Amino acid sequence: MTITYDDKTPRQFMIASIVWGLVGMLVGVIAASQLSWWQANGQFIETITFGAIKTEGLSWLTYGRLRPLHTNAVIFAFVGNMAFSGIYYSTQRLCKCRTASDRLSKIHFWGWQAIIVGAVVTFPLGLTQSKEYAELIWPLDIAVALIWVIFAINFFWTLAKRNEPSLYVALWFYIATIITVAMLYIVNNLQIPTSLTHSYPIFGGLQDALVQWWYGHNAVAFFLTTPILGIMYYFLPKAANRPVYSYRLSIIHFWALVFIYIWAGPHHLLNTALPQWLQTLGMLFSLMLWAPSWGGMLNGLLTLRGGWSQLRTDPVIKFFAAGITFYGMATFEGPLLAIRAVNELSHYTDWGIGHVHSGALGWNGLMAAGMFYWLAPRFWKTELWSKSLANLHFWIALVGILLYVAAMWTAGITQGLMLSQMNEQGTGLKYEFIDTLLAIRWPYYFRTFGGSLYLIGFALCAFNIWKTAKSGSPVNGTAEVTPLEREKKDFLGLKAIFAHKSVQHIFCVIFFTILWIFAPRGGDYAALALVIVFSVLAVRAFRRDVQSWADFHDRLLENYIPLTVLAFIAVAIGGAVQIIPTLIVDRAKNIEGRLQEIYTPLELAGRDIYVAEGCYGCHSQMIRTLKPDVMRYGRIGVNDDYSHLGESIYDFPHQWGSKRTGPDLAREGGPATDDAMLLRSGKRDNLWHFNHFLNPRQLSPGSNMPPYPWFFEDKTDFKSLPGRIAVQRRLGVPFPAMTKDEIEQNAREQALAIAATLPDAYIPGKEDLTGDKLRNYLAERKIIAMIAYMQKLGAYTKQELGKEKPDTFDPDQQRHFRHEKNDPKTTGQ
Amino acid sequence: MNQEKEQQEHRRADFASKKGEVVLRKHEYDGIQEFDQKLPNWWLLTFYGAIVFYLIYWFVYYQAGLIKTDQQAVTEIMAEIQEKRADALEKTLDSLSDKILVHEWATDASIVAEGEALYMKQCFACHGPNLDAPNKLGLSLVDGEWKYGDKPKEIFKLINEGSPADSKGMAPTGAKMVPWGGTYSPKQIAQLVAFIISKNPKDFAKF
């Protein structure tokens, strides 16, 4: 019988991807130019509007708000829509049937675009959760989850209806994508709303950091990598008209990739307060991830083996080959950066930014373009409008990426080296933070230029596709298919998965390896012995009966539910092993001797402003256990002044950050100076902060921090504080009992006290405000709440906790008890 | 075209039947074919190598306890630096006297220039480019008042250690100066003192 595929859905997704891609990249270029020239949001806007807009900086265009818009637009709107396009197109053909439901496809498409519009509106307004790549506020999170479920139903329903008994490797990757993203997204977005647009995550401090980067790292893995690998497996052999290099490589690298990737999340938190066992797992699994990632690259590049001549003639192959090469480069760089010693230098610098752009521009962007150029002629039944324009796009994009990445390597390594350089006498650091920022001005200009080139290239692509579409008319593909008899597919029950010895053997090895991590003294050696025994047994069983293992996998491919369940188990293990123990270990005891002081209502209000403005985009609050960090940000004479676990225990969400374009703020604050604890004396005083928010360069020449004029206009939201504090109490923060009125009164009292220390404060345009008028004006404004928060940063009380026996689920405590219990020198952390 | 050629060269089968044979898999998916090439040895080696490294690393750290924790390591390093700093400070202070600072350092144009360069990087933000603290973030350094002692070595101490712990700070903000001994070396602090003296020759003429 003849079937007609639904090509309207992938066509729409492709157009959406191109449109949002342009938007996302443009926002990226704007954000990059703001880092190069702080005037980009300010004087520059005055100039291009011929003075119609007079501003020192528009709040909704400020870097802290644009950055999440850029990252989310590129990840979820550009790559997301591109992946949906490829998945809808190829799944139908690999299943030899039309997508199960046109209605669900339609809801998926329009729902997803509506969510993106929601993001474009909310981020510039400062509505954010400030969890990286999960910044969307809770109503949009729910929408994402619903639309994702609709996508999943539509996809799995199509698999169920398929007329092709066996699932091709591309589909395995799509399956892994759908189930894993659902798991990650839901867990990382567990939160309690305080209003329609604001919420607190249910995890705080360390727990939030761990869950966030389990999510953040695997958003890269399962949103930007696995769907694109699936797309590579379909579109590359199609375009090259060559067989895929190796089927068995597909199997090994697929299972290894999905199992190992999940464990690597903690490599985003190396050398921080994150418990060392998690850091160790993060590093070691990242190293193990190298080979599985390169398996994908090999299967891509070697498929082209013998067909390299196509590189010269076919822009599609050119884009694919370069994209896969960038994948290889980025997945080599990833494990390298995950080595703790390398990470000392690279973390918090632009090297990380360069790394993600190798992936986003090189791998995702070039693969997207290759797929668009291949699909467009088929979507509109015509020829590609201009091959030479596509070639031009390729070269512009390539030069753009190389400039971008090289600039970021230079910036990252230069800054990393400068930050750790000691003075001649070896008694202090040679450079101040601002020196390192000034040293990388030129790489920043080149980054902006490289990014702009890439955007121009992509605009050429958009134009080419538009012209192609106009030269043809939309068509839907058709195929002759023989309906598949029911018993030829999906005949295995779930039990069958665990009945085969291959699965049993592998599970035993994994189980004892995990047991080895947690087992108490004595048990650990037994577990290690069992790991070795079961590994040997597994290898022997495999050697003896390769055929049966291979047949089992072939049968698995004819049964989509068991395959999906097995894939889910593979991706669930890593997260469970890392997160569940971290949640179980007694939070009140796991603080390394320092317990964070509770925020006053005004300080909390200030913190929520900090979170809303996206300050974490440039400032960390984490002094790593490294010499340059402790020297630069710790207090003189306190040798163990790295950030301890308990110091951020009440932070919902955590603000450890991932990039330092400005200095770390973990110890910006200081002790209280009055009995009522309303005033504090931190590294800088209130007036310094006041002037610095007004004009950072006045106090820190060469700084590229934007001014925040709206802090001096906008009022602090005192009314919402009781609701917010009530939610934090539910989350376990021991706020003192206060009535609603007391909370508001307390906040206003502290605001007035701080405002009273600024009698000579000068606000441009408000010269008439003096004395009590000035004080009352200031007390209402965001600036005072921000100052309150700045002065509180890093406040803690010392807590001595005797420990009788180690927590079962804390390998570091186990180690401590095993090796250091009787050594008084090492017990006093 | 290409595929036809490959088909002739390779046997169609699900699996290789003898060692080293490369088959073209029987099954096609929407026209896509798959070889079943052997996994490259160097690739397998990196994979196995990483797994073995995992076992060894975990054993050395957790089982054998051979490596210090990060916290121990960095605390020890900081203690060493602290000692070095104290030594350097002692040496610098021993070699300096109020007299030397006023009559040798503060009169040496190159030393004063170095001090000025340092001053213009950080200090000026609170004490003003002309040392008169116009924005009232810090105390004036040219008003003849030396709140925490008027001896050059007392000024040295103040820069090095920050405002004394019992100080109430500056009214009305309660601002206190942070210690700069972590940022600047003793020599640099002496240069700063020299620069300040050079701007207040009358105040220090008595030494």
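A:Leu190 counts as partly exposed, because 13 C-beta neighbours lie inside 10 Å; here a residue is buried if 20 or more other C-beta atoms, placed from the backbone, lie within 10 Å of its own, exposed if 12 or fewer, and partly exposed in between. This is a predicted model, in which local features need pLDDT of at least 70 and side-chain atom pairs count only at pLDDT 80 or more, while totals for chains, interfaces and linings use all residues. Residues are numbered from 1 along each chain as its sequence is written, and chains are lettered from A and ligands numbered from 1 in the order in which they are written.

A:Leu190 sits in the loop between α6 (169-188) and β2 (191-193) of chain A, where helices (H or I, at least four residues) and strands (E, at least two) are DSSP runs numbered from the N terminus. Leaving aside residues up to four places away in sequence, A:Leu190 touches A:Pro201 and A:Ile202, contact meaning that C-beta atoms, placed from the backbone, lie within 7 Å.

Elsewhere in chain A, 19 of the 23 residues of α12(A) are buried, so this helix is largely enclosed by the rest of the structure.

Turning to the contact between the chains, 62 residues come from chain B and 67 residues from chain A. On the side of chain B that touches chain A, the elements giving two or more residues are α1 (2-9), α2 (41-63), α3 (70-95) and α5 (109-127) of chain B, and the largest share, 13 residues, comes from α3(B).

Chain B is divided into domain 1 (2-63) and domain 2 (81-199), with bounds from an automatic or database domain assignment, and the C-alpha centres of these two domains lie 68 Å apart.

Methods. Two residues are in contact if their C-beta atoms, placed from the backbone, lie within 7 Å.
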